[in-house]
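Please read it alongside the model.

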Amino acid sequence: MKLWPRFLAILAWLSLTLVHGAPASAAGTWSAMVVDKDSRTFVVGTAADRLMAFGPDGRILWRIKRAGATSLRMVLSGDRVVLVDKDAGQVAIVRRDTGARIWFYDAGSPLLTTPILANHRWMVAAGAKEGSRLVALDEATGSEAWQIAAPAVGGKIAALSEVAPGLLEVAVEQAGPQVVVRGIDATNGRLHWTSEPFPGTIKSLSDGLVVTTAAAPATADRYAAVDSTDGHVGWQREIDLGAYEEPQRLGGWIVARKMNGPLQAWSARTGAPVWEREPGLPSGLHGVEVSIGPLGSGVLYVLSKVPPQGTGGQKSPPRVLLLALDAATGRETGRLMANTRADGSPSLVGDQVLLPVTVAKGATDATEHALWALKPRTLERAWSARLQDGLGDSSPLMTSSLLIAQDGSRIVALDAATGSERWTQLTDGVSAGPAVLGDTLVFGDDQQALRALRVESGQRQWSLSTKLMFAEKKTWNLVGVALITLFISWFIFHARRGQRMYVRRINGLSALDEAVGRATEMGKPVLYVTGLADVDDIQTLASLSILGHVARRTAEYETPILVPCARSVVMSMAQEVVKEAHFKAGRPDSYHRENVRYLTDDQFGFVAGVDGIMMRDKPAANFYMGMFFAESLILAETGHATGAIQIAGTAAASQLPFFVAACDYTLMGEELFAAGAYLSGDPLQLGSLKGQDAAKALVMGVIFVFCLLVPHYAWLAKVLTP
Amino acid sequence: MGCACMKREVPLAISFLTGFAMMIFYYVPAVESYQDKLLDWFGVLTVFAFILGIGSMLIVNGNKIQRRSTGWGYNVVLLVSFFITLAVGLVWGTREDTPFDWVFKYVYSPLSGTMFSLLAFFIASAAFRAFKAKSAEATLLLLTAFIVMIGRVPIGEHLWNALQISRLMPINELIDHWIMGAFNTAGQRAILLGASIGIISMSLKILLGIERSYLGGD
């Protein structure tokens with residue numbers, strides 16, 4: 001039994017090295033994967049802030065640094081890759097074959113819309129303090145062809161569209177709120193016309209159709225057709241969002257469902273009503289969710305999800321109704337009704353309609369996920385494939401004969417004609433892609449690796465880690481740690497050479513002997529609480545360091561010391577510390593193992609236990625050293641009620657005020673970590689204290705200098721930003 | 001000799017090697033996944049250490065029952081509760097709608113909430129003792145606490161406006177922007193900065209074996 005605590009204590013020292021508040025991964029997120037069939041290249045933004053192009057064989061063609069934002073969008077354009085980082089306000093064009101930068105534009109502020117290419121110019125709308133501006137950049141060189149500055153724009157650019165060759169429509173949000181549309185010549189930036197204002201904020205702008213959303217007097221979507229030649233409004237239609245569920249613009253139609261009522265469609269060209277029909281559900285149903293779309297080959301699909309109706313044991317099963325409607329006439333061409341639950345919206349993949357569902361498994365309450373393939377117009381079921389975890393938010397991919405889908409952490413290939421499972425591969429999660437090129441399927445996983453599978457067989461081909469050898473975002477972190485280490489090492493070196501180090505008096509630590517002495521005189525025990533954190537928290541280690549000194553004093557004075565612990569590993573270590581202290585004080589017989597005990601991991605269970613110890617044993621001196629949370633005040637107040645002298649120490653800034661208010665002495669933040677050195681008087685440890693202070697002075701100086709400089713030299717802030 | 005080496009040098013070596021390794025894992029993403037493995041090992045160790053903790057709890061409480069110490073009835077309650085909860089969890093599982101879930105919802109949660117609720121009363125008593133104008137700093141603390149407390153209730157805002165002090169500055173701006181946003185935040189950050197540097201220093205000392213008191217002795 002003796003070996004067990006020692007073995008555990010030694011192995012638990014591993015936890016010394018576990019970074020307290022172990023850092024979360026510094027990874028960003030993958031961008032969408034783009035496939036260039038012409039050059040047989042995949043291009044992807046990795047989670048490690050790199051843009052990579054690689055071939056189907058896994059050979060890296062090029063790799064460049066990117067701004068690292070998650071808003072990166074990529075477009076393949078001829079022999080170039082266009083990179084747009086909306087959050088950073090940057091547009092870059094790189095060569096597709098080498099990744100070499102052709103040109104780069106930094107707007108200096110986030111982009112308000114995705115840039116569009118019009119008249120061989122990239123139209124970039126960027127925000128600024130004084131408003132927004134529109135800049136036209138030459139497609140080949142990136143040089144500024146023209147700019148419409150903030151006052152002339154007259155508001156915040158919310159949408160851009162090339163409505164005719166060389167003519168831009170720019171939706172501008174103004175105070176009100178209201179939206180105006182301006183027609184601008186893409187060649188020279190000259191304003192041709194401005195439309196009448198529409199109340200609300202912009203929702204979309206495309207093909208001359210402006211959609212705005214107004215909040216007053218009632219929430220409504222307004223659809224308006226703006227003539228591209230003169231900005232004249234041809235027609236307007238308002239759809240009250242209180243009476244209609246979310247309208248959808250699908251191709252040439254605007255479709256919406258009246259609340260608990262019929263489906264209605266209007267022409268997106270003329271605004272006139274086209275058709276109206278019931279969604280095909282029985283009346284009296286509650287909580288029905290209707291989703292409109294997709295639209296494919298002139299057929300509109302409308303899904304109604306009916307939750308279980310009724311109460312208690314009389315509940316009906318969930319139902320789903322999928323209608324296929326002719327988009328032009330609203331006539332029903334196909335219907336699917338089933339006692340099942342739809343897990344998502346239908347999608348058009350290849351020549352099939354796919355619907356993910358959850359079906360009952362046998363006669364029990366158990367369910368399983370499935371994917372139904374339906375014929376497009378008639379919605380007859382072609383096949384059903386069982387899935388383990390369902391598609392989630394992913395959309396299946398279609399190859400020549402296979403349907404490739406993400407089923408939880410698996411990638412599964414189904415025969416497109418029959419739905420039978422051809423192959424399946426387990427993955428570490430899919431964060432980018434999958435994308436298919438020829439016989440290669442590539443995806444990025446949660447471990448920041450690119451993996452390739454053979455499409456026909458699912459066989460693993462290659463994998464490529466995209467992790468960097470150095471976390472660039474932590475450069476300044478490393479510099480800071482290195483500098484502080486240098487300072488500490490310097491002073492330790494000087495302390496080793498015998499230089500005397502002055503350390504100011506810390507009242508809480510000077511009162512330590514006094515507190516133990518008081519307990520001895522009163523014939524009462526000393527209570528020492530090491531906090532609620534485990535041994536991987538540096539505050540707990542600092543607390544154990546102080547415990548050693550306190551235990552030695554109590555051993556010398558033959559005063560009992562009670563150490564209730566909230567963690568088993570801490571208990572094991574505390575027992576060793578207290579035992580050693582008693583041995584060193586020459587009082588091995590006064591060590592009682594049951595005085596260092598484990599109570600519970602639970603926060604309030606622990607504080608209830610400690611409060612009970614205080615009320616029963618009435619310790620005359622209480623020490624609270626370590627990491628505390630909400631229970632700190634409960635401990636301190638109960639201790640005060642028993643009349644004990646209390647010394648607390650924590651680096652938890654939120655708990656310090658409670659300890660300061662309720663305890664006699666408080667060690668704040670760094671004083672807790674300095675305690676070990678202060679009490680031991682060891683020159684090496686005192687040297688480290690001096691080094692700590694010197695590092696703190698350096699940090700203070702840097703903060704002060706940069707506070708003065710950064711407002712005048714903005715580039716300094718960018719240099720320091722990871 | 002072997003025993004002394006086991007007690008001192010081996011733990012220090014383990015500390016240094018694993019600490020250095022963790023630093024590498026932190027700065028080198030390519031090997032970051034090994035950090036998770038070490039954390040898993042720590043979890044396994046904790047489970048074994050948990051057995052020691054339970055053993056300690058059983059021995060301490062068992063001895064008190066045996067000796068019929070003062071309040072030994074509560075020790076019986078603790079042990080009985082422990083074994084009942086353990087048995088219930090092992091037999092019926094810990095999922096929803098099991099007896100274990102019932103114990104959690106209707107026994108543990110109310111007790112935990114009760115202990116938490118004591119804070120409300122203790123804050124009042126601590127504030128009553130602490131907020132006294134004994135010195136200049138204490139008076140400043142008292143005034144600041146007074147402003148923050150009345151600013152958080154509607155009647156305080158009405159009073160502030162009625163006394164026309166809002167002409168100088170609305171109370172919400174004074175509290176959120178200046179007291180909490182500037183002074184309080186600056187103070188907290190100062191403490192955090194000092195504590196962070198202290199953590200680096202302490203970690204360095206532990207890694208290099210300068211600080212050894214956690215092993216039990218100098």
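1. A:Val412 has A:Thr424 of β38(A) opposite. In chain A, strands β37 (residues 410–415) and β38 (residues 421–426) pair in the antiparallel sense over five bridges. Pairing requires at least two DSSP bridges between two strands. Strands (E, at least two residues) and helices (H or I, at least four) are DSSP runs, numbered from the N terminus.

2. The hairpin of β37(A) and β38(A) has five residues between the strands, and A:Gly419 takes a positive phi near 80 degrees there.

3. This is a predicted model, in which local features need pLDDT of at least 70 and side-chain atom pairs pLDDT 80 or more, while totals for chains, interfaces and linings use all residues. Residues are numbered from 1 along each chain as its sequence is written, chains are lettered from A in the order in which they are written, and side-chain values use heavy atoms, without hydrogens and water.

4. Chain A gives 87 residues and chain B 67 residues to their contact (heavy atoms within 4.5 Å). The buried area is about 7100 Å², with 72% from carbon and sulfur atoms; this is the accessible area (1.4 Å probe) lost on putting the two parts together, summed over both.

5. One salt bridge is counted between chain B and chain A (side-chain nitrogen of Lys or Arg within 4 Å of a carboxyl oxygen of Asp or Glu). The side chains of B:Arg129 and A:Glu637 meet in a salt bridge at 2.8 Å, N to O. Elements giving two or more residues to the side of chain B that touches chain A include α3 (33–67) and α5 (99–130) of chain B. The largest share of that side, 18 residues, comes from α3(B).
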